[in-house]
Amino acid sequence: MSRSRASLLLAALLLQSPTLAAQDTVDVLITGGRIYDGTGGAPRDGAVGIKGDRIAFVGALPRNVTAKRRIDARGHVVTPGFIDPHTHAYEGLPRLDLERRRNLSSLLQGITTVVLGADGRGPLEVKRVLDSSQTLGLGTNTYALTGFGTVRSRVMGNSSAPATPAQIEAMRTLIATAMQQGAYGVGSGLFYVPQTYATTDEVVAVVSAAKPFGGVYDTHQRDESSYSIGLFASTREAIRIGCESGLTTNIGHIKTLGVDMWGRADSVLAIMREARTRGCTVVADQYPWTASGTGLSAALMPRWAQAGGRDSLRLRAADAEQRARMLADMRENLRRRGGDSTLLLIDGDDAKAAPYIGKTLKQVAADAGQPAVETALDLVLRGIDMGVASFNMTEADIEVFMRDPYVMTSSDGSDGHPRLFATYPRKIRRYVLDRPVISMARMVESASGQVAATYGLTDRGVLRAGAYADVLVFDPQRLKEEATYTEPRKLATGMQWVFVNGTAAVADGAPTNALAGRALRKR
């Protein structure tokens, strides 16, 4: 079914509201707001009723209805809760502490559902992870992708060798088991070690084990720049893997990274359009920041040097010939990213990283009195493999991707980068209200109904009678990103009401600390 036809059918369903019995009572009645239902259609005035964990009605206020709680939404918009299809907010579930499981960084942006398992790091024991997380309590809903990286590491460690037939079969078995347990698809991060050592044929052979279950192949593709096979070949590879595996291809955090690729967004979208004419289902998600977030070694270190793990890297660096080759490759990678002033060190695991946080690689190198790549290599060899904000994108390319109807909204939220706390308010403020690049209706659709439809999140992402009551009420003019690159953990402000499965997680602008989220399973 074409996306336009699906949108029309969904819009028709939204017009249908069940007839409530006379004197029926809802738990929450929201009146006076401007309703954006998540389909991309025009907004409308009306009321939304919530009963239990479901939406009771949307649109005209039924006669004689009473409510336990009334919310006056005049001057506000009412939307579905946002769904973040590429984030690291819940990475490490269920071991996260209570604060992280509450997930206020997401809730105060209006995000009510987050993915678990981006970049190929998803769980293998999906049922155990989801069951235990549900028992411990979740602030937001979560759904899982199993991970190509996880299965390859389980079967092959950090090996750069080609997978044998027996290893491929072992990985396929793990993927199939995870899908049986409720995963919504398979994530990969072919840019990262050890996933980068897998050939295209290997990835297809492994990921296709998910075909009987359906779902999404979500990928941090092999090359978003000119590191290895190049952005265009990498995009074609990602599409081939999804298409031959019988899955929807989602290109995570789509971008044109680095000086060699600036101005090429249209060309990437053209590759995706051509694939759709061949019957492949291809979408993407995007965050609205000019700086990506990654690790220092991932940004600069050549992949051949990382094979076998940190001890192998140290041995290579101790060899004069290999060290010279390594530094030459790092200089080229630094050039691709725009130079040493474009890498801001933002995060580290221990006290050794503290002196460098908030400085550019250029500043750290100047303090050390040596060239930038030598400084970066020394940090990595000392075990200080810091997170970096890499300013490697242009506003023009961001806007081209954002206007495409097949590109969803995501945060790629991770520690040390403001996108974990501020992505959705930033997109609304900067690209809907101030520029504007897209309409509010399109923004809401790209962050809710479109994501739910892509991943098969049943009864989520739309304001419709019978859907789960993940609902937002906010004044767009008051919604504000507070996090910055130097203060990345400041919570967003302006989200007035956030309901997760009918329970208020944010009430009158303040968190309630409710743990109303659910661990979702694909049926």
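Biologist: What share of the contacts in the protein with a separation of 6 or more is accounted for by residues 24 or more positions apart?

Modeller: This is a predicted model, in which local features need pLDDT of at least 70, side-chain atom pairs count only at pLDDT 80 or more, and totals for chains, interfaces and linings use all residues. Residues are numbered from 1 along each chain as its sequence is written, and side-chain values use heavy atoms, without hydrogens and water. A contact means heavy atoms within 4.5 Å. Among contacts with a separation of 6 or more, the share from residues 24 or more positions apart is 76%.

Biologist: Which residues of H7 are buried?

Modeller: Helices (H or I, at least four residues) and strands (E, at least two) are DSSP runs, numbered from the N terminus. Buried means under 20% relative accessible area, with a 1.4 Å probe and protein chains only. Helix H7 covers residues 200-207 and is mostly covered, with 6 of its 8 residues buried. These are Thr200, Glu202, Val203, Val204, Val206 and Val207.

Biologist: Which elements do the buried residues of H7 pack against?

Modeller: Two of the partners are strands, E10 (185-189) and E11 (216-220). The others are helices H5 (148-156), H6 (165-180) and H8 (231-244).

Definitions and conventions: Buried < 20%, exposed > 50% of the residue type's maximum accessible area, 1.4 Å probe, protein only.
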